[in-house]
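Okay, everyone, thanks for coming. Let me put the structure up, and then we'll talk about charged pairs and strands.

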Amino acid sequence: MATNVIMPSLGFDMTEGRLARWLINEGDPVEKGQAIAEIDTEKATVEIEAAAAGILARIIVHAGETVPVGTLIGVIAEAGEEVMTVSAPSPSPPAPPPPAPVPGAGEGAAPSEARVKASPVARKMAEEAGLDLSRIKGTGPGGRVVERDVQAAIAVGSAPAPPGVPAMPAPGATVPLNRMRKTIARRMTESKATAPHFYITVEINMDDAMKMREQLNALAPEAERVSVSDLVVAAVARTLARFPAMNASYREDNLEMHPQVNIGIAVALEDGLIPPVLRDADKKSLKRIAAESRALTERARTNKLRSDDLGGGTFTVSNLGMFDVDEFIAIINPPEAAILAVGAVTRRPVAAAGVVRIASLMKTTLSVDHRVADGAQAGRFMQEFRKLLENPVILLAEP
């Protein structure tokens with residue numbers, strides 16, 4: 001039986017998406033769960049996976065076309081199954097075909113442009129400037145071509161700068177925001193303007209948590225090691241299960257109580273911040289949280305996010321500890337009710353029972369939508385969260 005492939009919704013405010021490319025051709029066999037196409041959103045390029053096995057019987061929306069969420073873009077059918085002809089929607093004009101190689105943009109032969117790892121913004125800038133991505137050296141994670149690489153290629157005279165984009169920003173210059181930064185600016189402005197934020201900061205003694213982490217990682221292969229962020233996410237997930245009001249959203253004078261605990265894990269990319277979602281986090285062990293969080297972060301940094309990696313988050317964790325940030329305040333990611341900002345674990349003197357000693361301390365700040373919860377609820381939430389991290393053996397038990 002034929003299965004429709006539709007343009008997915010990857011966020012509560014996403015209304016349309018651009019089909020970047022098909023990863024297989026019409027008539028090719030496909031397995032269930034196989035990545036078959038890539039979608040450009042405002043924040044990332046996301047893979048669409050096949051919902052059924054069969055063959056890609058029809059391609060309805062072609063590379064470069066932008067269509068509304070829910071639009072039929074292709075059909076998967078069984079071998080030999082007859083598929084009715086479907087009229088294509090009225091998309092925006094397709095992107096221009098890949099340009100010919102431009103001398104001077106790089107050295108030596110390179111793989112085809114379709115296979116080059118590049119951020120959505122870099123890919124779009126290269127198209128507009130007439131640059132061949134495969135001739136540009138990437139300086140992003142894993143050799144990914146990012147915005148600054150395209151700007152550098154433009155600056156050395158590889159091609160004229162795209163309209164409105166300066167080749168090399170100079171002091172005092174006005175630099176247009178890329179698409180991701182525009183989205184972040186719009187959503188964060190809306191969040192601060194509509195959600196009455198309040199903040200609670202708690203300092204947590206991480207001595208026992210750091211000792212447990214060291215012991216776990218000494219026995220585990222590198223791919224299964226636990227990070228401080230993993231401990232935080234595990235503690236947040238279990239705390240949210242006990243305080244459902246913090247796992248809700250304000251919707252027109254009503255509270256939408258989410259049945260799942262889906263935690264967005266903020267990942268810093270070259271073009272901005274993106275929070276891929278760890279779903280049903282309260283039902284997962286610490287080991288599984290660590291493995292899935294690592295995989296999510298890797299997919300985000302290598303531009304390989306899947307459609308179910310984005311959207312549907314109910315709470316976000318943003319950790320800047322790896323940048324030696326002691327403490328900060330984060331803006332709520334709508335329509336969520338709260339976000340936790342996590343600072344670095346630092347060794348500092350503390351006094352207890354008349355004795356001064358050095359302890360591992362971590363400051364965390366919870367930003368809360370006051371329409372959803374009040375100070376007492378948030379305070380109890382942070383009490384439970386701190387208790388779990390200061391008694392981390394609880395996190396080893398199966399949820």
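So, look at Glu384 and Lys387: their side chains meet in a salt bridge, at 3.3 Å from N to O. Keep in mind that this is a predicted model. Both residues sit in helix H7, residues 375–390, and because they're three residues apart there, about one helical turn separates them. Are they buried or exposed? Glu384 is buried, with a relative accessible area of 11%, while Lys387 is partly exposed at 40%. Salt bridges can also share partners, and that's how Arg21, Glu38, Glu47 and Lys304 end up in one network.

How many salt bridges does a search of the whole structure find? It finds 18. One of them joins the side chains of Arg299 and Asp309, at 2.9 Å from N to O. Arg299 is in helix H6 and Asp309 is in the loop between E16 and strand E17, so this pair ties together parts that are 10 residues apart in sequence. Arg299 counts as buried at 16% relative accessibility, and so does Asp309, at 4%.

Now the strands. There's an open sheet of five, ordered E7-E2-E4-E5-E16, with mixed pairing. E7 and E16 stand at the edges with a single partner strand each, so one side of each has no neighbour in the sheet. Inside that order, E4 and E5 run antiparallel, joined by five bridges, and Ala35 stands opposite Glu49 in E5.

Last one: strand E8, residues 72–77. Six of its six residues are buried, so the rest of the structure largely encloses it. E8 pairs antiparallel with E1 over four bridges, and four bridges also join E8 to E6, again antiparallel.

Definitions and conventions:
Residues numbered from 1 in each chain as written. Predicted model: local features only at pLDDT ≥ 70, side-chain atom pairs only at ≥ 80, totals over all residues. Heavy atoms only, no water. Buried < 20%, exposed > 50% of the residue type's maximum accessible area, 1.4 Å probe, protein only. Helix = DSSP H or I, 4+ residues; strand = E, 2+ residues; numbered from the N terminus. Pairing = 2+ DSSP bridges. Salt bridge = Lys/Arg side-chain N within 4 Å of Asp/Glu carboxyl O.
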